[in-house]
Amino acid sequence: MNRTIPALLWALCFLLTTSVTANETKDETNNGQPKKASVKLKFNLNPGDKYLFSSVVKQEIVQEAMGQRIITTQDITTEYIYTIKARQNGITQIDVMMSAMKMDTDVGGMQRITFDSSNPEEGTNELKVMANVIGKSFQLHVNEDGSVHKVEGFADIFGDMEGPQADILKQSFGDSSLVQSMNQITNIYPDKAVSVGDTWVKTFSGPIANLMQSEATSNFTLSGIEGDMAILEVAGQLTFSKFTGEGGNPMLQSADFNMSGTQKGTMEMDIKSGLPMLSKLKQDITGSVDMQGMKIPMTIASDITITGKKL
């Protein structure tokens with residue numbers, strides 16, 4: 001099998017599953033319900049606090065390539081530690097560290113790609129480079145509305161890495177490109193207080209890690225309040241197309257994405273901090289990728305569970 005195909009899947013598993021929410025300038029709140037007790041949901045963390053977030057992604061990728069139907073399964077588990085460093089003028093500075101990662105990919109029974117940060121030397125060569133990311137930090141600066149003000153230090157994490165997979169990371173995940181990717185995760189809040197039954201809309205349009213163009217619309221509904229938790233229902237539409245900007249990854253510059261899908265699920269958000277402490281999302285994406293003269297029909301089904309706790 002062409003070794004670029006596993007590299008494409010490796011990139012997709014990180015990029016598509018991080019598109020769990022979306023943002024930009026459109027924020028519509030529907031207040032069609034009778035007036036009820038309202039809550040203000042915002043990014044509201046205190047310096048000195050520390051949180052552990054664990055993400056579990058289970059994927060099935062089906063593609064048609066060179067007359068073959070290839071089914072790829074992926075299990076990806078990652079853990080991040082967020083340390084709140086400072087908050088000033090409505091901007092919170094967060095130290096983000098990936099503390100653990102485990103990945104197991106089976107490409108149609110023909111190739112196995114594995115990595116476990118607890119035993120990186122036993123992993124597949126393509127992913128051993130990820131050991132360099134474990135334990136290193138970058139700084140995330142986030143506004144109260146969840147929009148990312150800036151990212152610092154992320155590009156430095158990959159400075160000493162070598163090899164083709166390291167090149168993908170270096171070229172795709174600079175500090176400026178990460179702002180776009182992180183914005184999709186953090187900018188989920190309404191622009192006003194909301195009551196049970198209210199819905200707001202977040203839209204996003206921009207490049208993802210300089211590899212593809214993304215357009216997304218997510219509808220959030222406050223479906224209930226349970227104690228200190230706001231229960232949100234999430235329903236979104238996603239589309240991915242070819243990246244046409246400068247600085248794209250040369251390994252995938254010829255890849256023309258034509259994919260779209262849906263995302264549905266729930267979030268349990270801590271009202272005080274604004275952090276989603278439990279997210280359960282299901283993503284279904286279909287379409288094709290034109291690459292190296294081949295049109296590759298593809299479907300990606302993902303089940304994503306993200307849990308958080310205060311340390």
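Hi everyone, let me start with one spot: Tyr51 stands opposite Lys310 in strand E15. Before I go further, a word on what we have on screen. This is a predicted model, so local features need pLDDT of at least 70, side-chain atom pairs count only at pLDDT 80 or more, and totals for chains, interfaces and linings use all residues. Residues are numbered from 1 along each chain as its sequence is written, and side-chain values use heavy atoms, with hydrogens and water left out.

Now, the overall picture. The chain has 4 helices and 15 strands; these are DSSP runs numbered from the N terminus, helices being H or I with at least four residues and strands being E with at least two. Of the 311 residues, 50% are buried. For the accessibility classes, buried means under 20% relative accessible area, exposed means over 50%, and partly exposed is in between, with a 1.4 Å probe and protein chains only. The accessible surface of the chain is about 13700 Å², and carbon and sulfur atoms hold 47% of that surface. Those areas come from the Shrake-Rupley method with a 1.4 Å probe, and for residues only the protein chains shown count as cover. As for contacts, meaning heavy atoms within 4.5 Å, take those between residues at least 6 apart in sequence: 65% of them join residues at least 24 apart.

How far does the confidence go? The mean pLDDT of the chain is 81, and 76% of the residues score at least 70; pLDDT is the predictor's confidence in each residue, from 0 to 100. Where pLDDT is low, the predicted coordinates should not be read in detail.

Back to strand E15, then. On one side, E3 (residues 50–65) and E15 (residues 294–310) pair in the antiparallel sense over 13 bridges. On another, E14 (residues 276–291) pairs with E15, also antiparallel, over 14 bridges. By the rule used here, two strands pair if DSSP finds at least two bridges between them. E14 and E15 form a hairpin with 2 residues between them, and Gln292 in the turn has a positive phi of about 55°.

While we're on phi, please look at Asn89 too. Asn89 sits in the loop between strand E4 (68–88) and E5, and its phi is near 55°, positive in a residue other than glycine. Most residues other than glycine have a negative phi, and most peptide bonds are trans. At 72% relative accessibility, Asn89 counts as exposed.

Let me zoom in on Thr305, which is found in strand E15 and is partly exposed, at 31% relative accessibility. Setting aside neighbours within four places in sequence, Thr305 touches Ser54, Ser55, Val56, Leu278, Ser279 and Lys280. Thr305 and Leu278 are 27 residues apart along the chain, with 7.3 Å between their C-alpha atoms.

Next, charges. Side chains of opposite charge can pair when their charged atoms come close. A salt bridge here is a side-chain nitrogen of Lys or Arg within 4 Å of a carboxyl oxygen of Asp or Glu, and the count comes to 6. One of them joins Asp49 and Lys310, with the closest N and O atoms 3.6 Å apart. This pair links distant parts of the chain, 261 residues apart: Asp49 is in the loop between strand E2 (38–39) and E3, while Lys310 is in E15. Asp49 is buried, at 15% relative accessible area.

A second one is Asp303 with Lys282, at 3.7 Å between the closest N and O atoms. Asp303 lies in E15 and Lys282 in E14, so the pair ties together parts that are 21 residues apart in sequence. These two residues also stand opposite each other in the strand pairing. Asp303 is partly exposed at 40%, and Lys282 is partly exposed at 38%.

Which residues have the most contacts inside the largest nonpolar core? They are Leu41, Tyr51, Ile94, Leu140 and Met259, in a core of 61 residues. Strand E5 (residues 91–107) gives the most to this core, with 6 residues. A nonpolar core is a set of buried Ala, Val, Leu, Ile, Met, Phe, Trp, Tyr and Cys residues joined through side-chain atoms within 4.5 Å. And that brings us back to Tyr51: beyond four places in sequence, its contacts include Tyr80, Ile84, Leu275, Met277 and Lys310. Thanks, everyone!
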